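Hi,

Here is the structure I promised to pass on to you. Have a look at it first, then read my notes below with the model open beside you.

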Amino acid sequence: MEQDEQRDDQKSQGITTEDSESQNNEENSEQEQEANEETSDPLANLLERVPEEPSNLEEIIAYPVGPLAGNGSITGKEPVMETEELVNRVMEVLPPIEEQQDETYYDQWWRALRYLFAEDYPDPRQVIKELNYTHFGNDALEDERFRFKDQINVLLVLDVSGSMANEVDGKSMLQIAKDSILNFASDIPEDANVGVRIYGHEGASTGLTKEESCQATDLIYDFQSANTSDIQEVIDPLSPTGWTPIGLSLEKAREDFSRFPGESNTNLIYIVSDGAETCEGNPAMVAKELAESDIQSIVNVIGFNVGIEGQNNLREIAEAGGGIYTNSGDEEELKEALGQGEALIKKWNEWKQGEKADIYEQRREQEVKAISEENEWRYTISDEFENHRSVLHALAEEGYISQEAYDYLYDRMMEKRDLYIEIRDTKYKELLDEIEKKYEETLERINKEYNKNIES
């Protein structure tokens, strides 16, 4: 009866059954297109959407890592592409320059080429931030969140959105993330509490709309000792399908930690995501609120194979939450990023057993790290420069770009190289000075704390 009434109503409005089915098909098609939006080609229309050229340290660090990064002779990871293959990849996404163009077009073409080979440069400022992690557990630290408490609780927030179906080295990104989480869980002290929250697990393939997907985030493994088999049981069935409500997930994380006040708990969050918020939330604001709440959480973010738009947004979340942003491009790098969390938990376990950190050793480690990163900048500049140079030369030899275009692009490449060298030399000198300053301040606070305890 209801169906008959519905058909009568449609007829009265001039809508036929065929029209209704067509409209439904169009709506379903539109939903499917939206759900697949995250998996679209990140290099499509590259000339129109390429980032602006960075001109200072902040912009260099915020600049997204390019899809052809990691192919240097010094810093590259096997298998490293040969120049011929790199040239072919460039020609797939950038048009030839056979005729004279104005400088605006040449500049646009250069920015696209620069992005393709953009490497991941370490942030000197991050080393200073990591001083808190190096000194984690020291009662003299000004920021209470970095003091070890009686209990440590780690919440892993896993992205299960549609784009996690994409593959890296023949393996889905979600499967890599699952394996990395299991690897993390298998190697931490049993005294630590671990929880797992997910988002993006509801969407097109489960029959939910974007609006419904954006309201879906679940704590699938409540805080307890990490039992690898139990964690595997709850994450194995997960399939990538939906959208990315990071902000909502962090709001729910506050509820997850509600029984763990910061006064007696060290609360850490590790978000593993391959992209930015897609549900109109404000995860950076929520991360800041979490850090400043009585939970006193530290929000770390691991960007997994993140595209142009996502890296800056994820970095903002980590900075707002007082944590560290790490960019990971493959399984090895993802496990390494989570390994930092493992090391911290083990350090907490040592603290509980009464072992004390040696700040002299910590300063030495920081100085070694700073010098190592300065060398990494040196090698990375060299690799990126050599890739640009060899590809430009090959493109000119093949007539894919004109001599005039080659001259302009080569000059821009040299300007970039000189700028990066200047920034490296300046910032790492400042970094070593800052490490020494922080060490002296920490030593002074420790001595004051010691003297206060002796007097009392």
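C214 and C279 form a disulfide, with their sulfur atoms 2.0 Å apart. The rule for a disulfide is a pair of cysteine sulfur atoms within 2.5 Å, and by that rule the count comes to one. In case the word is new to you, a disulfide is a covalent bond between the sulfur atoms of two cysteines. The angle about the S-S bond is -75 degrees, and the link of C214 and C279 is left-handed. This pair ties together distant parts of the chain, 65 residues apart: C214 is in the loop between α9 (210-213) and β5 (217-224), and C279 is in the loop between β6 (265-273) and α12. C214 is buried at 10% relative accessible area, and C279 is buried too, at 16%. Here buried means under 20% relative accessible area, exposed means over 50%, and partly exposed is in between (1.4 Å probe, protein chains only).

Before you go further, some ground rules: this is a predicted model, where local features need pLDDT of at least 70 and side-chain atom pairs count only at pLDDT 80 or more, while totals for chains, interfaces and linings use all residues. Residues are numbered from 1 along each chain as its sequence is written, and side-chain values use heavy atoms, with hydrogens and water left out.

Now the overall picture. The protein has 16 helices and eight strands; these are DSSP runs numbered from the N terminus (helices are H or I, at least four residues; strands are E, at least two). Buried residues make up 47% of the 456 residues. Of the contacts between residues at least 6 apart in sequence, 81% join residues at least 24 apart, where contact means heavy atoms within 4.5 Å.

Next, a helix pair. The axes of α11 (residues 246-256) and α12 (residues 283-292) come within 8 Å and cross at roughly 15 degrees, so α11 is roughly parallel to α12. Axes are lines fitted to C-alpha atoms, for helices over the stretch in contact, with angles running from 0 to 180 degrees between N-to-C directions. Angles under 35 degrees count as roughly parallel, over 145 as roughly antiparallel, 65 to 115 as roughly perpendicular and the rest as oblique. Which residues meet? I246, G247, L250, E251 and R254 in α11 meet P283, V286, A287 and L290 in α12. They divide into six nonpolar, one polar and two charged (Ala, Val, Leu, Ile, Met, Phe, Trp, Tyr, Cys and Pro count as nonpolar, Asp, Glu, Lys and Arg as charged, and the others, Gly among them, as polar).

I181 is buried, at 2% relative accessibility. Leaving aside neighbours within four places in sequence, I181 is in contact with L156, L158, I231 and L338.

Most residues other than glycine have a negative phi, and most peptide bonds are trans. The peptide bond from E78 to P79 is cis, with omega near 0 degrees, and P79 is in the loop between α4 (57-62) and α5 (83-93). E280 is not a glycine, yet has a positive phi of about 65 degrees; E280 is in the loop between β6 and α12 and is exposed at 78%. N305, also not a glycine, has a positive phi of about 55 degrees. You'll find N305 in the loop between β7 (298-304) and α13 (310-320), partly exposed at 37%.

Cheers
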